[in-house]
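This report was prepared for a reader who wishes to relate a sequence to its three-dimensional model. Please keep both in view while reading.

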Amino acid sequence: MSGTAKGPAEVTAQRLRERGERVTPARLAVVEVLASTEEHLSAEQIGERAEQLRPGIHRATVYRALDALGEFGLVTHVHLGRAGTTYHLAGELAPRHLHLRCSECGTVVDVAGDILDPVRRKLSRELGFQLAPEQVALVGLCRNCAG
């Protein structure tokens, strides 16, 4: 082994094989699209970009690939309210992060995934509640709109 870090597509292929799952062009295209951007893409946008990346891939196949990769913990989604649902890499393919959405201008900002850990611990300790904010956006006003 050369010691070179594996890219998201290689890691995905390896994880799929380990699970006995198929490594398909659509699954790899989804990962490649998500790995190539910091944008918050909808399923439709991912489908469009996957078709450009690998002509001949059908949109419905991309949607199934998104669902499967989500089940395998390699992709996750976040509900951005009126902005819809967006997808991004998850697990070992991307650092854990949360989303902040400005209710005024719609800007979405990624923040470190551990920023709410003190709140998580307090809720768990005092209420036995397991907070899981990764699939929703925390809503408020961004610096520009608040100022």
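The structure is a predicted model.

**Nonpolar core**

The largest nonpolar core comprises 24 residues, and V30, L34, I46, L66, V75 and Y87 have the most contacts inside it. At least two residues of this core are supplied by each of helix 1 (8–18), helix 2, helix 3 (43–53), helix 4 (59–71) and strand 2. Helix 2 gives the largest share, six residues.

Helix 1 has five residues that are buried, A9, V11, T12, A13 and L16. An α-helix has 3.6 residues a turn, so residues three or four places apart point the same way. The buried residues of helix 1 pack against helix 2 and helix 4. After helix 1 comes G20, which has a positive phi near 75 degrees.

T76 belongs to strand 1 (residues 75–79). T76 has a relative accessible area of 16%; because buried means under 20%, T76 is counted as buried. Not counting residues up to four places away in sequence, T76 touches T86, Y87, H88, A90 and Q135.

H88, one of those contacts of T76, is found in strand 2. With a relative accessibility of 13%, H88 also counts as buried. The contacts of H88, leaving aside neighbours within four places in sequence, are L34, V75, T76, V78, H97 and H99.

**The largest pocket**

The largest pocket has a volume of about 280 Å³. Its lining is made of 14 residues, and those closest to its centre are T37, E38, H88, H97 and D110. H88 and H97, both in that group, are also in contact with each other. The elements giving two or more residues to the lining are helix 2 (25–35) and strand 2 (85–89). Strand 2 contributes the largest share, three residues. By class, the lining holds seven nonpolar, four polar and three charged residues.

**Salt bridges**

Side chains of opposite charge can pair when their charged atoms come close. In the whole structure, 10 salt bridges are found.

What does the bridge between R54 and E32 tie together? R54 lies in the loop between helix 3 and helix 4, whereas E32 lies in helix 2, so the pair links parts that are 22 residues apart in sequence. R54 is partly exposed, with a relative accessible area of 25%, and E32 is partly exposed as well, at 24%.

R49 is partly exposed at 29% relative accessible area, and E39 is partly exposed at 43%.

R96 counts as partly exposed, at 42% relative accessibility. Salt bridges with shared partners join R96, D117, R120 and E134 into one network.

Methods: Residues numbered from 1 in each chain as written. Predicted model: local features only at pLDDT ≥ 70, side-chain atom pairs only at ≥ 80, totals over all residues. Heavy atoms only, no water. 1 Å grid on protein atoms, 1.4 Å probe; cavity = no way out; pocket = protein on both sides within 12 Å on 5 of 7 lines; lining within 4 Å. Points joined across faces, edges and corners; volume = space filled by probe spheres on them. Helix = DSSP H or I, 4+ residues; strand = E, 2+ residues; numbered from the N terminus. Nonpolar A, V, L, I, M, F, W, Y, C, P; charged D, E, K, R; others polar. Core = buried A, V, L, I, M, F, W, Y, C linked by side-chain atoms within 4.5 Å. Buried < 20%, exposed > 50% of the residue type's maximum accessible area, 1.4 Å probe, protein only. Contact = heavy atoms within 4.5 Å. Salt bridge = Lys/Arg side-chain N within 4 Å of Asp/Glu carboxyl O.
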